[in-house]
Each structure stands twice: as structure tokens, then as C-alpha cells.
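Work through the exercises below with the sequence and the 3D view open. Try each task before reading its solution.

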Amino acid sequence: MSVVRVMGPDSAPGPAVPWRKVLWERQPFPDNYVDQRFLEELRRNEGIRQYRYWAVVKEAGFVGQQLSCVAIFITLWLYMEQGLLSPERLLLTSLVCALLGYGLHQALTSQMESGCELRTRLADLQSATIFLSFTFGFSPVLKTLTESVSTDTVYAMSAVMLLAHLVSFPYAHPSTPGSLSLNAALFASVCLASRLPGALHTFAMLSCALLVFAMWPCLLQRLRENAPSQFTGLCVGVCIGGVGGLGSQSPGGAVLLALALGSVTLLCPLLLVMLQRHKDNIQGPWDEAEIHEDISHFLH
Amino acid sequence: MVLKIFFPQCCNRADSGLLVGRWISGHDSAVVLAVIHYPFIPGQVKQYVQQVSAKSGVELSVLGSWSLPKEGQEGMESFLRDLSTIFPQQRWLQIHREIGKTGFTCEVLNRDQSKTTFANMLLLVQMFQTVATSQPLFFMDRYDDGPLKSTHWQSEGREASIIVELLKQASVPLCLLISWLLSIWTWICNIRIFSLYPLRWLSSKLSTCVQLSYKTEHMRTLSSAKPAAGHTQFMRKANILVSFLVDVALGMLLISWLYRDNHIAMLANTLVPAADHVAKELDELLQWLMGAPAGLKMNRALDQVLGRFFLYHIHLWISYIHLMSPFIEGILWYGGLSACLGLTFALSLLSDMVALLTFHIYCFYVYGARLYCLKIYGLSSLWRLFRGKKWNVLRQRVDSCSYDLDQLFIGTLLFTVLLFLLPTTALYYLVFTLLRLVVVLFQGVLHLSVDFINSFPLFAVGLRIFRPYRLAEGVKFRVLCEEPGTALHLLMEINPLKFSTVVQMYRTPTYSCYPKDSWAALVKKLFVGELIYPWRHKTIKTE
């Protein structure tokens, strides 16, 4: 073992033995002795990801898309309330869209899992029957629910619920419906639908809400997995449709929506990328131990 | 060495003589039980003392001499000292008093110098025990014609009363009669037809039947053939008897008021209009609820449904009352007769009648509470679904859960419906709960007063007022004479129990009726919608 002369912090020559970072041995150093290898094991910004601007914009487009969905839904409601859209027409359109969407969904799925098609089709038919019959049966009750509640309260509740829906939406994997987001959206749609003049209007609104908030994310998930470029185009299309639809009813709303979309899709990614260089994570041996389960041991 | 001598007060003025009593072993104490006067023959005294010792089982002996010299009795001192040679004792007491002075002079002659041991706490207990067990000593009196004349604490006469003696004589055939009646009654009650389930359940709910069974128990205790085993048993029997007599007296008072001046007809005539009035008030209340009560936001459809449902019930009830109205006077007449069994009986009958008359309020309360409870339960469960959580029954906690699409959809719809219908249901529930609470409060007051009459120990309280020395809590000492040169003379008096202790200790245990829940638990139950039965009845304690 070579003997190294170690200099202590007070520039006096230390003893010959090197200092070791152990506690069980009595060493000839004072207790607060600091080695030159101090903070050697500090690691800065270890797992940091380098974000690229346009990739982030593409992901943020999904958030904008959801915002526009909500705007489209509100537009439809505004039309129904003013009597410009009849419930039968909305129902018919929803049915057609649902069938188209279902066909597209099946087309995209059959590439991966085939077999038991008839069973899943029957299960889907059963779910659809349950939805429709339940909604139809409950629509007279739902119609009278908010009769005695004032309009302002209803609007406020719906706004809060839709905001909650947007905040808690599972953007990473929208196929599995997040409970809180779906429930908040449905609650808001029930509140709004009960303000409409007839029971059929309520039924039509609720079916539309089901389509927009429950079925559409499933389709989007499939699209995102299988056709990413088309997915981006679809997001842009939905955003434009939302702004346009809202613009036909209230220009101010359209402007607000456009601003919101712009800030979410363009401004916020810029901020994210710019602020990355201020990131300063430190990791070291003082972190809690994480157990990474490696079951490959057991497979051999 | 401090010598303690317990001396009966009556012997303060007794003529001179010999002291008979007992040395309490282990302490420096003696209990003087009697004074045997001059003239006596020592042999007869010894024989007598041995006789009494054998009969009572207490170790009696001649303790010493007592001298209270009257005029013409000089020269006693030497005589008294000589006496100590006749009666061979280890210690010989000589207590001497002058007429006109309160102080005693006391001398002890010790034959041998045996060491005395320490005193311990059981001195007073042993002293009282000695006095209690030396019964045979107190049969002899100074007015007797025998060879020995003595003075003791019962010489001035024992307490007795003619009424008590007469009652004791009369109680034997009375007890036999009562036990025979009770056996017939028990046989009737045990007939099979009465053991059917609905009747049994009904009889446990009606407070009249409960009172009946309770009184039967009491009668059984009173009329049992064997005498009371201990002080507690005796006091309990006496309390039961006195309470029962007072109860019956109050009942008779009530009867005399009821059957005089045709009060019963008056009561019957006011009953049906009163029931009508109550129904009309309920009707108006429901109409008010079906509108917009207090400006609250009610769901009109549900409001109408619930209101009509309850209105229909009220109409049913009113027709029932009108059907019963010819029979009410008869029922009241026979019901009033039952007060001869006691005021408690009449009160429990009243409580039962109130329960029957307000049965519709009870029904409404149950409907409202069940509906509300269901709604609250559904709402809490669906609220968990709203947040994506679920109640884990196994672990008794809330866990996250991934629901299917249709479950989420239907759950949200139901949640919305229940939430918006909540104010309506809650209002109906509140109104009917308040009504029910009023009735329950009234019944509770009746039950509490019945309970009070049953359990209050009148006999013990009377004993405490008139003969306080029979209920003792301890003794207290008062200094009579503290002159130097004479013995310290203390007066020992019985310290009677305080009234609160008397009531607490001698209360008859009843099926006492007290609130089952604390206030917090009651409020929580009301909030959640659980049915409340606020008064709990304990089962009769059997000893």
C-alpha cells in the first residue's frame, strides 16, 4: 500500500494514512474533516430529457383538441337552446357519427387482435342498448331536476365541472376512461341538458354528450396508436372546427378560445423548453433506495 | 399505655356495682355491657356470667368495679379493692364518679406485666359486634325479681311499636294469600297461547305489560316465605312495600278524581276532537310542504308524490279514529279502573295510549327516515364512484377502482338525480323527525316519572329522618371532660348517612329508562337517517 501525504483543510500536513469514508474505524482525523473527494458522488440533472419544441407542440395539440371538443359541445347546446337545431336532427347525426366511428374503430383494431369478434360486437350492442334505454327512461326526470335552481347556479356548476373534466382528463391513455373526468363531463351535460325545453331535447343532448366525452377518446386512442400523422391533422381540424363553431354563436367566445388554444399549444411548450435550462436536480447517495424489481433472475 | 373503655351512657347514673363486659384481645380496650348492682353473691355472679357467655358465644367476664357513691355509702373504696381478689382477673378496672362532676377517675390494677400488642383498625367493628351478639345479657333488668339486678343500655326500654307487632302477626297469612294469587297469575301468563311470537313481542313493547311483570316480581319478593337475609335485603323489601303502598294510595286518589263529576265523559268528549285537530294541523303542514316552504327549492314532482302519499295516510287515520269514537268512553272507564293497581300503572297505560294515538306520526317518521337513509347511502356510494373509488368491505377502507364505461355512465346519472332530489327528501325527513321527537319526549317524561316512583327508596329516607341512628356511616367523638388528672371522657355518637348516599345506596334497581346515546351519537344518527329509539330499557336485574 502506498503512502500518500494528505493535506488537511488547515494546510498542515496530515497523517500518512488516507482518510476513508467509514464510520466503524477510528481514524486519526478530526470529526469534521472534509476530504478533497467531497461531493464527488453528486450527480446533476441525471435523468433529464431534452425536449424538442415541435414534438412538445404535437403532444400539446391533444390538449387543445380536448378543449375544442368541449367548445363544440357547448356550441351544440347553444344551438339547441335557441331552437336552431332540432333534437331529431341531432339524434340522427349522432347516430350516423357513432356508426362511422365504430366502423373506423373496428377497422383500426382488427389489425392487432382478431377473433371473438362476434362476442365483442354483442357486448358493445348490449352496452349501447343500456345507455340509450336508460337515458331515454330518465330524461323526463332529468328534465325537471334543475327547474327550481337559478340559471346562474346552473351555468356556474357546469363551468366548474367542465373545467374539472379538462384538468383530470387522462391525456396519456384516453382509452381507459378516467372516472372523475367522465363523471364531471356527464354531470355538466346533465345540468345543461335539463335547461332545454323538452324531454327529447334532453335525450338528444345526453346522447351527444356520451358520444363526445365517452366514445371519441377511445377512437382517438386508436388513431394515435396506428396513424400518428393523421392524428395530428385531426387535432388541428377539431381545433379549427371548435373556433369556427363558437364563432358562429358568439365572436367573443371564439376569440377567447383561439387565444386559449394558442397559449396551450404554442406558448406553453415554448416556456417548457426555455425553462429546461434552469433545471437543477441533484442526486446522490443520500437519496432513498429504490428497489427495481428485476424478475429476469427468476426466469433463468 | 392508653386504655380505651367503651361505657354505655345509661350506666352513668347507675348505682355502684360490678362491671361486666369483654376485653377486646389485642387492643387495650374493654367494652362494658352491664353493671350488676349490690348486693350480690359473687358465686351467683360468676355462674350467671358463664351462662350468658355460653349462650351468646361471646367471651364475657367481670371487668372491674363501678362506684357512684350516694349519701350514706362511705367506705366503698376498700370494699371495691377487696373485690379484685375475689374475681381473679389479669386486669381490674376501677371507675369512680362523683355526683355533680362529669369526669371519671379510672384505675387499672395489673396483675401481671404482659405486654400489649398494637391496636389495629378493627377495634370499633369488634366493639359493635360484641354488643350485637351479647343479646342474652340484655334480657335481665333491674326490675326483675331474680337474684341479680343489672343496668344496661336496654334497661330504659326497648323500642317497639304496637303497629309493627300487629303487622308482623298479620303478615304471615297475607303473604300466603299473595303467593297463592301470584301462582295463579303466573300459571295464566304461562299458558301456551300467550307465548306466540307476535303477542310476546307486543307485550315487550307495551310498557303496561312491562310494568305488570315488574310488579309481579316485586310481589314475589315481598311474599317469599323466608325472612330477609341481610340488611340490604330487608331494606329492599321494606322499600318495595312502602313504594307499592304509596303508589296504590296515589292511584286511589286519581280514581277518586276521575270517577267524580263525570270527568271520564269529559275526557272522552275532548279526545276525538283533539285527534281531529292534530290531523288537521298535519294536513296543513303537508300542504305547506307541497308548496314552496320557506322559499326552499323543492322538486315539484317528488314533492307532490310524497305529499299525496302522506295525506292519504292521514285520511285513513282519521276514519279509523271516527270508527273508534263510540268505544272510547268505555275504554277510558275500564282503563281508569286499572289505576287501583297503582299510579305507575295508570301512567304507563297513558304512555301506551299516546303511542297508539300517534302511531301515524311514527309511520311517517319511519317512511321519511328510510327514504332519507337510502338516499344518503346511495349518494355516498355514488360519490365514491364519481371520484373513481370504491369501498373495500374486507379492509374497511376506500380503495381506488377502475370502472367500466357503462358503470360510470349510469352511476353519474343516478348521482345527479339523487343530488338534486336531496333537499326535498331532507325537508320531509326533518319535519317528521321533529314531530316524532316531540312524542318521544312526552313518553320519556312519563317513563321517567314511573321509574322515579318505582325506584325511590321512601322507607330508607323515612328511616333516615326519624331514626337516623339505624343508618350509620361511622361514629363521631365529642369531648365531654378533659380535666388533667381524670380520664379523657369522650361521647361517641353515630354519624348517620347523608341523604344522597341513602338514596343512592337503597335505590330499587328498576328497568330504568335512560338515554341510550350521547348527544353526539344521537345527532350523527339523525344526520345519517338511522331510526332512533332514544330511550333504552334495561332488563330487570335479578340477584
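Predicted model: local features only at pLDDT ≥ 70, side-chain atom pairs only at ≥ 80, totals over all residues.

**Exercise 1.** Which residues does His313(B) touch, not counting residues up to four places away in sequence?

Solution. Residues are numbered from 1 along each chain as its sequence is written, and chains are lettered from A and ligands numbered from 1 in the order in which they are written.
- Step 1: find His313(B) in helix α9 of chain B, residues 300–324. Helices (H or I, at least four residues) and strands (E, at least two) are DSSP runs, numbered from the N terminus.
- Step 2: apply the contact rule, heavy atoms within 4.5 Å. With residues up to four places away in sequence left out, His313(B) touches Phe364(B) and Tyr367(B).
- Step 3: check the burial. Buried means under 20% relative accessible area, exposed over 50%, and partly exposed in between (1.4 Å probe, protein chains only). His313(B) has a relative accessible area of 18%, so it is buried.

**Exercise 2.** Is Ser223(B) buried or exposed, and which residues does it touch?

Solution. 
- Step 1: Ser223(B) is in the loop of chain B that runs between α6 (207–222) and α7 (231–258).
- Step 2: its relative accessible area is 8%, so Ser223(B) is buried.
- Step 3: not counting residues up to four places away in sequence, Ser223(B) touches Cys175(B), Ile178(B), Ser179(B) and Leu182(B).

**Exercise 3.** Describe how helix α5 of chain A and helix α12 of chain B pack.

Solution. 
- Step 1: recall what to report. Two packed helices are described by the angle between their axes and the distance between the axes. Axes are lines fitted to C-alpha atoms, for helices over the stretch in contact, and angles run from 0 to 180 degrees between N-to-C directions.
- Step 2: classify the angle. Under 35 degrees counts as roughly parallel, over 145 as roughly antiparallel, 65 to 115 as roughly perpendicular and the rest as oblique. Therefore α5(A) is roughly perpendicular to α12(B).
- Step 3: list the residues. Ser179(A), Leu180(A), Asn183(A), Ala184(A) and Phe187(A) of α5(A) meet Leu385(B), Phe386(B) and Arg387(B) of α12(B).
- Step 4: sort them. Ala, Val, Leu, Ile, Met, Phe, Trp, Tyr, Cys and Pro count as nonpolar, Asp, Glu, Lys and Arg as charged, and the others, Gly among them, as polar. The contact has five nonpolar residues, two polar and one charged.

**Exercise 4.** What is the phi of Leu39(A), and what is that of Asn45(A)?

Solution. 
- Step 1: Leu39(A) is not a glycine, yet its phi is positive, near 55°. Leu39(A) is found in the segment before β1 (43–44) of chain A and is partly exposed, at 47% relative accessible area.
- Step 2: Asn45(A), also not a glycine, has a positive phi of about 45°. Its place is the loop between β1 and α1 (53–81) of chain A, and at 23% relative accessibility Asn45(A) is partly exposed.

**Exercise 5.** How many helices and strands does chain B have?

Solution. 
- Step 1: the secondary structure of chain B comes to 16 helices and 13 strands.
- Step 2: of the 543 residues in chain B, 38% are buried.

Terms used: Heavy atoms only, no water.
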